[in-house]
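Please read this briefing alongside the sequence and the coordinates.

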Amino acid sequence: MNSNSVKAELPSRTTLWSAVTRLLRRYGLQIGIVFVGIFVWLLFLIGSPRTFLSFPIYSSFMSTTPFFALMALPLTLVIIAAEIDLSFPSIMAFGMTAFALVLTRTGNVALAFVACLLAGLFAGWLNGIIVVRVGIPSLVATLGTQFFWRGVVLVVTAGNGIGLTSTIGTVFHEGVAGRIGGLVPAQMIWTVAAAVVLWFVLNRHRFGAHVYLVGDNVESARLMGVNVERTKITVFALMGLFAAFAGFVVSEEVLYFWPTLGEGYLLNTLASVFLGGTSVFGGTGTIFGTFVASFIIGAINAGIVAAGLTGFWTNVIYGLIVVVSVSLQAVLSRKLAHS
Amino acid sequence: MDYFLQMRNISKTFGEVKALRNVNFEVGTNEIVGLLGDNGAGKSTLIKIIMGYHRPDPGGEIILKGKKVEDWSVEKARSYGIEAVYQERALADLQPLWRNIFMGREITNRFGVLDVKKMREETDRLMRTTMGFTSAAISADSLVRNMSGGERQGVAITRALYFQAEMIILDEPTMGLSLSETKKCLEFVEDIKKAGKCCIFIDHNIYHVYPVADRIVVIDRGMVAGQFYKNQVSLEELTARLYLVAQTGRLNSNGEAGAGEEPRGEL
């Protein structure tokens, strides 16, 4: 060992270190959520090793988590744009109402599926119009449309559900609720695909760039020529489209459409977005974070049961884990961002 | 003189409030115009009209390079090379530098897919050349939130220059800047002049505007209270007159308007 070799090593070590800190700073949010995920997983692994070391529990995660992950992903865009949507649970049911109407009248599943997506797209677009053109804050506007669409669903269906067994064997049932290779739920594939597409749109397309800018500083975005109105309306329309699709996936999984479809999805979906590190104030957030956080939220739901905690304790533990996870995520990503 | 921008008879009413009344305002093709006025005098409204952000009330005319332009808008203002540099509102704090430089003008292919690599490279190049950032702590991926006031101003100014502005509007560029940063900023204003372009320099600090401006326009209560060519009035004289405007709404003791400006109407 001589002093020369030490000297030669030093610069490379510092550039490596600065590259590492730069990565930590850039991906602080994402790294934070991965740590939270590992933390929660270890918690359940210790609590119930037998369950969490076998495949069925993961198959169950992959089957139920997509129901709200499919909506948490586009909701991430809504919240990055500094807006909120509370109406998507009702839009799930509204889309399926359109599906049921067309299916009972024509018997054509493909046509019914298209009607479902169009209904969702329309409901989302309408949210955007109310927020942007009429100027109602999205919290209030979508609270209103949430009641409205649920009301429409109940009026049209008269509160009655409809069986969907006639769709069994069609590509629409197998395609969204089948089991790929008999193991992986098809909805999981759709969730991954949605995550990839939305990641691309958010990070590699002009529209996504505008979503970030609108949420970060709406006035400067407007001054720099970003079409704020169109960006926001598109974000709400996308949310409606995905909500209708998620409603379809849930209904195909259980082969029945209940007019109450969507109830119970609001908080899981919102929790996934916020746990994923998306800021309530807009301007920051990642698709990756929401994706991982959705599975953490899904795992908490299933994990509590699997760990043998039942009854009244479920909500206590659920709330506790959510609060601890969000805090842990916030602290970790802040530490990383300023390291 | 050749004019880049002429505004004729511009008024702007917000509900009951008349923010601007019959304002005539022009900027020469290679002129630095200092725009002075108290808070609420109508400076920002005038600038927002120039930027196409607000529409003037009917009856106003906007003339660019001698031609009257109808349906003035943000897009049109930009197509004529008018760029504004707002101190606080220009940048998106939570976004990296490269996204700020290309805000609203992202480099994309025809499907709207971003060329992130190219935007990062251009940002890196601009940082080293125009902005003069040499610190290793700042990269194209640095968040604007972590930058100093002077650095932020540099980013906004660089952005305007990069997109080949013909006229740059600086909205209180020296506010909150340290002495050395103010000096740097004023040097930039001189660079605009040297580059053969024009500039509107808005401030309420006469000591920052006077050294770099060719002409100073004073706005008070929504009207042009007067204008001065720097070679016609000394800093001391101008300061004294501005105090008078603040106290009486008039430019000098016998109620005359300033040089080259028509009388102020009802006041």
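The points below are grouped by topic and concern a predicted model.

**Overall build of chain A**
- Chain A holds 15 helices and 4 strands, and its radius of gyration of 22 Å is close to the 20 Å that the globule rule gives for 339 residues, so chain A is as compact as a globular protein of that length.
- Taken along the principal axes, the box filled by the C-alpha atoms of chain A is roughly 85 × 60 × 40 Å.
- Of the 339 residues in chain A, 48% count as buried, and among the contacts in chain A with a separation of 6 or more, 78% come from residues 24 or more positions apart.

**Helices α10 and α12 of chain A**
- Helix α10 (residues 206–216) of chain A packs against helix α12 (residues 228–254) of chain A at an angle of about 105°, with the two axes 10 Å apart; an angle of 65 to 115 degrees counts as roughly perpendicular, and α10(A) and α12(A) are therefore roughly perpendicular to each other.
- On the α10(A) side the contact is made by A:Phe207, A:His210, A:Val211 and A:Val214, while α12(A) contributes A:Val228, A:Thr231, A:Lys232, A:Thr234 and A:Val235.
- By class, the residues of this contact between α10(A) and α12(A) are 5 nonpolar, 3 polar and 1 charged.

**Contact between chains A and B**
- The contact draws 19 residues from chain A and 24 residues from chain B.
- On the side of chain B that touches chain A, the elements giving two or more residues are α2 (74–79) and β6 (82–86) of chain B, and α2(B) gives the most, with 3 residues.
- That side of chain B comprises 13 nonpolar, 4 polar and 7 charged residues.

Technical notes: Residues are numbered from 1 along each chain as its sequence is written. Chains are lettered from A and ligands numbered from 1 in the order in which they are written. This is a predicted model: local features need pLDDT of at least 70, side-chain atom pairs count only at pLDDT 80 or more; totals for chains, interfaces and linings use all residues. The radius of gyration is taken over C-alpha atoms; the globule rule is 2.2 Å times the number of residues to the power 0.38. A residue is buried if 20 or more other C-beta atoms lie within 10 Å of its own, exposed if 12 or fewer, and partly exposed in between; C-beta atoms are placed from the backbone. Two residues are in contact if their C-beta atoms, placed from the backbone, lie within 7 Å. Axes are lines fitted to C-alpha atoms, for helices over the stretch in contact, and angles run from 0 to 180 degrees between N-to-C directions. Angles under 35 degrees count as roughly parallel, over 145 as roughly antiparallel, 65 to 115 as roughly perpendicular and the rest as oblique. Ala, Val, Leu, Ile, Met, Phe, Trp, Tyr, Cys and Pro count as nonpolar, Asp, Glu, Lys and Arg as charged, and the others, Gly among them, as polar.
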